[in-house]
Amino acid sequence: MIRVGWGAATATGNVRRHNEDAVLADPPVFVVADGMGGHAAGEVASRMVVEHFSRLAGREDVEPREIGRVLAAANDRILEAGRRSPESRGMGSTVVGLVLVTDDGHDHAAVFNVGDSRLYRFAGGALEQVTVDHTYVQELVDAGSIGPDEARAHPERNVVTRALGSLRTPQADYWLFSPEPGERYVLCTDGLTVELTATAVAAVLADCPDPARAAEALVRSACDAGGRDNVSVVVVDVLAPGPP
Ligand code: CA
């Protein structure tokens, strides 16, 4: 399996009373989820997502197709909880994940997302956004109606067009990578990207070789910049192959 180092951090921020984000960093699975819904429903939904993915933890033989099954199971669980209790109706969660998988004897990193939590790839000092947000604002960007800077400040930037817990079958996007040593992957909720530009994120990543410190520094920087939302970050470093 691909060797990795990792770190995770999450904070409630300076405005919200509860942290509705949930994180999982337990090889071979790394997940960030951002819950939504009234009362405590958001917290419950994001925790359900993380609980389902934690079933893959500790395994060295996860196949890419298993990810879709976990997403479907988490989606069913959230829908069922919403049906059972009126307070939970309408609850949902985003998810972004990276799972180290084996496919036909080859090692890969599988990336997937639903909603506006993101995954970035950081290599050679350059930060590249891999996932595409499922948001109304992203649709405006795709249509050429607004630019990326306007998107970050748009009043409707929180409107997601896909989430777990809304449709019977979740609609995720998938990518498969062959990671190279030295690459770094960053998973985050929108609480990070609403506060920090890509340039600011890249500067913190370049400053912190240790993945745990990098995750903590990013969360701290987002809180220092305003902390208007919950903020969660998982950093995964691809290491050179070596003894197990
Ligand atoms: Ca959020």
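R65 and E63 form a salt bridge, a term that stands here for a side-chain nitrogen of Lys or Arg within 4 Å of a carboxyl oxygen of Asp or Glu, and their closest N and O atoms are 2.9 Å apart. The model is a predicted one, in which local features need pLDDT of at least 70 and side-chain atom pairs count only at pLDDT 80 or more, while totals for chains, interfaces and linings use all residues. Residues are numbered from 1 along each chain as its sequence is written, and side-chain values use heavy atoms, with hydrogens and water left out.

Within this pair, R65 counts as exposed at 57% relative accessibility, whereas E63 is partly exposed, with a relative accessible area of 32%; buried means under 20% relative accessible area, exposed over 50%, and partly exposed in between, for a 1.4 Å probe and protein chains only. The structure holds 11 salt bridges, and R59, D61 and E66 are linked in a network of such contacts.

Another of these pairs joins E128 to R121, with the closest N and O atoms 3.2 Å apart. Here E128 is partly exposed, its relative accessible area being 40%, and R121 also counts as partly exposed, at 23% relative accessibility.

A further salt bridge is that of D237 with R184, whose closest N and O atoms are 2.6 Å apart. This pair links distant parts of the chain, since D237 lies in strand β11 (residues 231–238) and R184 in strand β10 (residues 184–188), 53 residues apart; helices (H or I, at least four residues) and strands (E, at least two) are DSSP runs, numbered from the N terminus. D237 is buried, with a relative accessible area of 10%, and R184 counts as buried as well, at 5% relative accessibility.
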